[in-house]
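Me: I have a model open and would like to go through it with you. Could you take my questions one at a time?

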Amino acid sequence: MERTALFPGSFDPFTLGHKAVVDMGLTMFDRIVVGVGVNAAKQGLLTPERRGELIEAVFGGESRIEVALYGGLTGDYCRSRGIRHILRGLRNSTDFEYEHDMEMANDQIYPEITTVALFTPADYIPVSSRLVREIITMGGDPAKFLPSGIDIKEYL
Ligand code: PNS
């Protein structure tokens, strides 16, 4: 049976840290669905469609990666697709608290789904979408924190 994981996130925008987690995930899963969670109540810097396009550009040609936009609960989306693993990255103890809370809640509601958390490589610990957004909105160049070849201006 093919092992598929959902890698969910806001990805506003997708960073080098996210890419590192997907690359590690590909050593364990046959397929990874990178799911852009659409929260209609929260306006981001990039539109969800643009976020998806950026991720497609990062993995263009990699047949084991699918990019999808979804609304609602992450567990419901997994169930609707028969996906039984959620992949997440952990940078530090703040991430851990948040991820653990989410994992425990998901485990109560969707006991068939297992969350797999991977440690972000040390080089990428300071990288976050929030910092990248701040750099962009203040006129800086975030290229160092984005996957190579991505010109963020094309997605704004
Ligand atoms: O990496 P992010 O941006 O913190 O991702 C958050 C995301 C989208 C994975 C999370 O907010 C989410 O799963 N949202 C959908 C609603 C949901 O399922 N919440 C968890 C309920 S226990």
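Me: Which helix is R51 found in?

Reply: R51 is found in helix α2, which covers residues 48-59; please keep in mind that this is a predicted model.

Me: And is R51 buried or exposed?

Reply: R51 counts as buried, because its relative accessibility is 7% and the cut-off for buried is under 20%.

Me: What does R51 touch, leaving out residues up to four places away in sequence?

Reply: With those sequence neighbours set aside, R51 touches S10, F11, D12, V36, G44 and L46. For S10 there is also a polar detail, in that its backbone oxygen lies 3.0 Å from a polar atom of the R51 side chain.

Me: How far is R51 from E2?

Reply: From C-alpha to C-alpha, R51 and E2 are 27 Å apart in space, and in sequence they are 49 residues apart.

Me: Switching to the sheet, what is the strand order?

Reply: The sheet is open and has five strands, in the order β3-β2-β1-β4-β5, with parallel pairing. At its edges stand β3 (65-71) and β5 (114-119), and each has a single partner strand, so one side of each is left without a neighbour in the sheet. From one strand to the next, the twist averages 30°.

Me: How many bridges join β1 to β4?

Reply: Two bridges join β1 (residues 4-9) to β4 (residues 85-90), and these strands run parallel. As for individual residues, L6 has I86 in β4 as its bridge partner.

Me: Which strands does helix α4 touch?

Reply: Helix α4, residues 93-109, packs on the sheet and touches β4 and β5, with its direction making about 165° with that of β4.

Me: What span should α4 have for its 17 residues?

Reply: At 1.5 Å a residue, the 17 residues of α4 should span 24 Å, and because its end C-alpha atoms are 24 Å apart, the model agrees with that expectation.

Me: Which α4 residues are buried, and what covers them?

Reply: D95, E99 and N106 are buried in α4, and what covers the buried residues of this helix includes β4. Seen down the axis of α4, its buried residues fall within an arc of 30°, so they line one face of the helix.

Me: What about the face turned away from that buried side?

Reply: That face of α4 carries the exposed residues S93, T94 and Q108.

Me: Last one, which residue caps the N-terminal end of α4?

Reply: N92 caps that end, with a side-chain oxygen lying 3.2 Å from the backbone nitrogen of T94.

Notes: Residues numbered from 1 in each chain as written. Predicted model: local features only at pLDDT ≥ 70, side-chain atom pairs only at ≥ 80, totals over all residues. Heavy atoms only, no water. Pairing = 2+ DSSP bridges. Helix = DSSP H or I, 4+ residues; strand = E, 2+ residues; numbered from the N terminus. Axes fitted to C-alpha atoms, helices over the stretch in contact; angles between N-to-C directions. Contact = heavy atoms within 4.5 Å. Expected span 1.5 Å × (residues − 1). Buried < 20%, exposed > 50% of the residue type's maximum accessible area, 1.4 Å probe, protein only. Arc of directions from axis to C-beta. Polar contact = N/O pair within 3.5 Å; in protein donor to acceptor, adjacent residues only side chain to side chain.
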